[in-house]
Amino acid sequence: MAEPSWMDSARALVGKEYGRVYAWDKVNAPMIRQWCEIMGVDASPYLVEGVVHAPEAMLQVWCMEGFTLNNYPPGSTTENPYEVLKLMEAQGLASVVAVNSELQFSRAVREGERLYYTTRLDTISPEKTTALGTGYFVTLVMRYFSEIASGDQEVGQLLFRVFKFKPTQAAAPSAPASAPAKPKRPAPGISDDTRFFWEGARAGQLRIQRCTACGTLRHPPGPVCPQCHSFEWDAVTASGRGTVYSFVVMHYPEVPPFEHPNPIALIELEEGTRLITQLVGVAPGDARIGQKVQVEFHTYDGDLVLPQFRPVPDAN
Amino acid sequence: MQAFDAIELGQAMEALDVPITAALITGGAIATRDYFPGHIDLEAARALGSQAVFMNILTTNGLVQRFVQGWSGPQSRLCDLKIKLGAPHYPGDTLRFSGSVTDKRPQDRTVELSFKGANSMGSHVTGTVRVRFP
């Protein structure tokens, strides 16, 4: 797919190195102690007189601009390492979300050291569409150094990746709740073709659509028999026994309210039709093709009844 | 606190629950010198489409260090800290950390821990940390 021409100027920035951004303060005990206090990290090993050093996860803190945005210490670069994001913003990619933060630590930083970092625009992905919207993954690499008279030393590195995108729909700020609402299972869309199936589930029956002209069973439900093209149909109640025809185990992303890892199977029923369903009562690593299963019905969110399948011992 | 020689591959880390309060979110932002309005100002956070102030990445990293060293001990050192970010963190929720040992290297006395920090909206953070033992 051809890219918009404005992306040429964005891609031209890939590989560009941006100058130093200095720390306002040298590595110091008060900032370490206060950071530990908030995070709940035991500060005492870091604050030993004479060998004060910073917790590793504090690395970025030293070079933050502070209360006044874009107010960096004297000597810092005046270029904006995030200029590529500004370019994208001008093209309507208004939103940004951080995706990855990968810190590496070469050595501990000690009291009195003055740090700075430099930035390289590492990569811009091809255009991607995610649940949030369409845009680009932008990766920056920051290298952190300690200023030393005999030669500066690298103390660590940060790979930082953001997704810069145009939202699929403007997220309307909803009425603020005091606590986040508990997500519910998505409810099925019920039509004249599928109502019998969901009513069957509520009655504790697994129903299969049957063509009354030729007798062929079919699933998922639809208005026409794929064999004889008859519109006439009724339903039969399945035994609820079947075998795992295929399966996947969802590890990531974790979408609430589902448990993860989440085993999803294609079950072949004794009657011959197949349906997609969730496996229950099986450790995700233990799911296997050919496993005998039995339907059971579970109620979610008060009134949603779903057929799910549980492994049963082989009869033979 | 773990003794390096006794650590086994696949061993589970002790879970840690961190109650998320507005004070932790705003205090964490300030302790990491991150004054982005969405972390410290409710009205600004709402204007950004969030229901409340949300936790900044540097605080998440700090809590990961607490979780890891709570298990590995205060004398252990972090070699890296790699996270993937998911659902936001709002006040009133709980961050539940869990994890396990996914690699052990006797030659440099390090282990890799794979962890997850979940809240009621799903996974807030997943990642790995390599820890060196004394």
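This is a predicted model: local features need pLDDT of at least 70, side-chain atom pairs count only at pLDDT 80 or more; totals for chains, interfaces and linings use all residues.
Residues are numbered from 1 along each chain as its sequence is written, and chains are lettered from A and ligands numbered from 1 in the order in which they are written.

Rolling a probe the size of a water molecule over the atoms shows where empty space is left. Here a cavity is a set of points, on a 1 Å grid over the protein atoms alone, where a 1.4 Å probe fits but cannot get out; a pocket is an open set with protein on both sides within 12 Å along at least five of seven lines; and lining residues have an atom within 4 Å of a point. Grid points are joined across faces, edges and corners, and a volume is the space filled by probe spheres set on the points.

A search of the whole structure finds two cavities of 30 Å³ or more. The largest cavity holds about 70 Å³ of space. Its lining includes Trp62(A), Phe105(A), Arg107(A) and Arg77(B). By class, this lining has nine nonpolar, no polar and three charged residues, where Ala, Val, Leu, Ile, Met, Phe, Trp, Tyr, Cys and Pro count as nonpolar, Asp, Glu, Lys and Arg as charged, and the others, Gly among them, as polar.

The second largest cavity holds about 40 Å³, and among its lining residues are Phe197(A), Arg207(A), His219(A) and Arg274(A). Strands β7 (207-211) and β12 (274-278) of chain A each supply at least two residues of this lining; helices (H or I, at least four residues) and strands (E, at least two) are DSSP runs, numbered from the N terminus. The lining divides into five nonpolar, two polar and two charged residues.

His219(A), one of the residues lining the second largest cavity, is joined to Pro220(A) by a cis peptide bond with omega of about 0 degrees. Pro220(A) is in the loop between β8 (217-218) and β9 (233-237) of chain A. A cis bond also runs from His260(A) to Pro261(A), with omega near -5 degrees, and Pro261(A) is in the loop between β10 (241-250) and β11 of chain A.

β11 (262-269) contributes to an open space as well: with α4 (195-202), β12 and β14 (304-311) of chain A, each supplies at least two residues of the lining of the second largest pocket. That pocket has a volume of about 470 Å³. Of its 21 lining residues, Pro188(A), Trp198(A), Ile276(A), Thr277(A) and Leu306(A) lie nearest its centre.

Between the chains, the axes of α2 (residues 29-39) of chain A and α1 (residues 22-31) of chain B come within 9 Å and cross at roughly 160 degrees; axes are lines fitted to C-alpha atoms, for helices over the stretch in contact, and angles run from 0 to 180 degrees between N-to-C directions. The two helices are therefore roughly antiparallel, a term for angles over 145 degrees. Gln34(A), Trp35(A), Ile38(A) and Met39(A) meet Leu24(B), Gly27(B), Gly28(B) and Ala31(B), contact meaning heavy atoms within 4.5 Å.

Arg33(B), in the loop between α1 and α2 (37-40) of chain B, has a positive phi of about 55 degrees although it is not a glycine.

Conventions:
Side-chain values use heavy atoms; hydrogens and water are left out. Angles under 35 degrees count as roughly parallel, over 145 as roughly antiparallel, 65 to 115 as roughly perpendicular and the rest as oblique.
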